[in-house]
Amino acid sequence: MKVLMKGNEALSEAAIRAGATLYFGYPITPQNEVGEYMSRRLPTIPGGAYIQAETEVASINMVYGAVCTGRRALTSSSSPGISLMMEGISYLAGAELPAVVVSIMRGGPGLGNINPEQADYFQATKGGGHGSYRMVVLAPASVQEMTDLTVLAFDLADKYRNPVMVAADGNLGQMMEPVELKDSYPNLYNHSEWALTGARDRKGHTITSIYLDADEMEDYIHKLYRKYGEIERVETRHEEYLTDDAEVVIVAYGIVSRVVRSAVELLRQEGIKAGMVRPITLWPYPKAVLRRLADQAKFFLACEMSMGQMVEDVQLSVEGHRPVYFYGRSGGNVPTPAEVVAAVKQRM
Amino acid sequence: MQKVFERPKSLNDKPFHYCPGCGHGIVHRMMAEAIDELGLHDRTIVISPVGCSVFAYWYFETDNVQAAHGRAPAVGTGLKRANPDSIVISYQGDGDLASSGTAEIIHAAARGENFTVIFINNAIYGMTGGQMAPTTLVGQTSSTSPYGRDPKFAGYPIHVSEMLATLKAPRYIERTSLNNVANLTRTKRAIKKALDMQNKGEGFTFVEVLSPCPTNWGLDPNESIDWMESSMMPEFPLGVFRDLKSAEVRS
């Protein structure tokens, strides 16, 4: 049965039904509905806990502690708050802990504003925190995907023992759409091999990310990168729209992909063979798809709500075989289909 | 033959990496003894901080987790809320707890989180090489206060136990010292009491331990004890700052 839900609330309910009955967060617009929803729901669930943390630094470290026990836990924030979580995300990656972070991106830099943007792409996909690590980043484009990808985020986090981010923008957090949720999403992963549950009839477990010896540290980093390589091979996700004969490939994710879909249709009506690639995983990035399309397309256009961050991944993917252009809006402005059509025609 | 003295089950036989005269090893042993005596071994999770005791997990035969600098009380909150049956001990030094982690310790205490914090106060940063700490005494020299801590520019030492005792939720706060046998006994008693209260679900318990750091104080171990008594203990008076049963707080 479909129900009408706000993006932030839908993802919260999905997290609960995926077993994440521990939530730690700090208020920040435009993601406040997540914490508010959790503060209503979790105290009514056995074993559930909602904690309003003192800072986002504390939120992510509470998640660090909670997931050490093998249980699922969630935190969420928006751009300035996600910046504060970067230390903790690096530690989660370094300690190989499964955690899910929801990022509802807003305008920046600095305090910016509370309007939707996609300008935290670099932060999410290129590091943000310190050290050699990667974080899986999932980009929903609808309220339904806010729920589906939140559930997937928990599965991937548990499967690979790695932090996973659901990166949406303020639009997706705030808008309402019909959504279908299952009663529950089973957790197929057993963490008894490493989780901190007390050393009863077994040796103590230790969770750490410090390796003083250079060779030991390098070996550990190589182990992490073998895992990241496996994630790239197995977990890259994308959607293609009318790319079979596309001579113009527009690349867009999240809410912008819905604008671009309309733009592709408008272009087709004018006889321009346009298509779209929508990355669903921002890391790992669907490089192979773009590289394949470079053999047929005349050019690529990256369309984003930023000054152009994903455009660099498109360039890297097509390896210089075709021109890559960029069209974007900032400050909370959403590109219109007409603007995207004009940006394509300008390059024809 | 009857064994009259042995290593606690919760402590392994790995030699401590700490400097001669350091207090960490003493407190580790007291913690392990208390864990054993209270029968908490199977449920205990020790959080190692950032600092000289970053490898505290090398020694405890319990479950262990290493936390980012200052964040141990937040990590402890997550651990304990996820598994209320566990016994969580956050072991932190003064740079970790009283500087980088001030927000985390104050708010964990304010929420009355049901875990135990062991706070090692040696008035200096140890692992990074003897820099000025938030607990460094006025006039005390360090590698970043080479002319002595000047309150005009660097303010005054933070008294964490007294500060936390202004909050309503904490159940037990005591400051002890490792300067003599009587105070060692008091320290062990305080640690055991804190863990016992946690086990009974009483709430937030905090033991601050004044501890020597001969290496970074530039003193030998005996001189270090003298300096603790002549300089540290007047600045950081020993005593119980809070000792409440939950019933007393609720009223």
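Author: I begin with a definition: helices (H or I, at least four residues) and strands (E, at least two) are DSSP runs, numbered from the N terminus. The model is predicted, so local features need pLDDT of at least 70 and side-chain atom pairs count only at pLDDT 80 or more, while totals for chains, interfaces and linings use all residues. Residues are numbered from 1 along each chain as its sequence is written, and chains are lettered from A and ligands numbered from 1 in the order in which they are written.

Reader: Where does L242(A) lie, and what is its phi?
Author: L242(A) is found in the loop between strand 11 (238-241) and strand 12 (248-251) of chain A. Its phi is near 55°, a positive value in a residue other than glycine.

Reader: Which peptide bond is cis at P109(A), and which at P284(A)?
Author: G108(A) and P109(A) are joined by a cis peptide bond with omega of about 10°. P109(A) sits in the loop between strand 5 (99-107) and strand 6 of chain A. The bond from W283(A) to P284(A) is also cis, with omega near 0°. P284(A) belongs to the loop between strand 14 (281-283) and helix 10 (287-293) of chain A.

Reader: Turning to the interface, how many residues does the contact take from chain B and from chain A?
Author: Chain B gives 30 residues and chain A gives 33 residues, where contact means that C-beta atoms, placed from the backbone, lie within 7 Å. On the side of chain B that touches chain A, two or more residues each come from strand 1 (44-48), strand 2 (63-66), helix 2 (72-82) and helix 4 (102-111) of chain B. Helix 2 of chain B has the largest share, eight residues.

Reader: What is the make-up of that side by class?
Author: The side of chain B that touches chain A has twelve nonpolar, eleven polar and seven charged residues. Ala, Val, Leu, Ile, Met, Phe, Trp, Tyr, Cys and Pro count as nonpolar, Asp, Glu, Lys and Arg as charged, and the others, Gly among them, as polar.

Reader: Which strands pair between the chains, and in what sense?
Author: Strand 10 (residues 206-207) of chain A pairs with strand 2 of chain B in the parallel sense over two bridges; pairing requires at least two DSSP bridges. I207(A) has V65(B) as its bridge partner in strand 2 of chain B.

Reader: What is the strand order of the open sheet?
Author: Eight strands form the open sheet, ordered 10(A)-2(B)-1(B)-3(B)-4(B)-6(B)-5(B)-7(B), with mixed pairing. Strand 10 of chain A and strand 7 (239-243) of chain B stand at the edges, each with a single partner strand, so one side of each is left without a neighbour in the sheet. Strand 3 (residues 87-93) and strand 4 (residues 116-121) of chain B run parallel and are joined by five bridges. In strand 4 of chain B, T116(B) is the bridge partner of I89(B).

Reader: And how is chain A divided?
Author: Chain A is divided into domain 1 (2-235) and domain 2 (239-347), with bounds from an automatic or database domain assignment. Their C-alpha centres lie 28 Å apart. The contact takes 27 residues from domain 1 of chain A and 21 residues from domain 2 of chain A. Helix 5 of chain A gives the most to the side of domain 1 that touches domain 2, with four residues. That side of domain 1 of chain A has 16 nonpolar, six polar and five charged residues.

Definitions and conventions: Contact = placed C-beta atoms within 7 Å.
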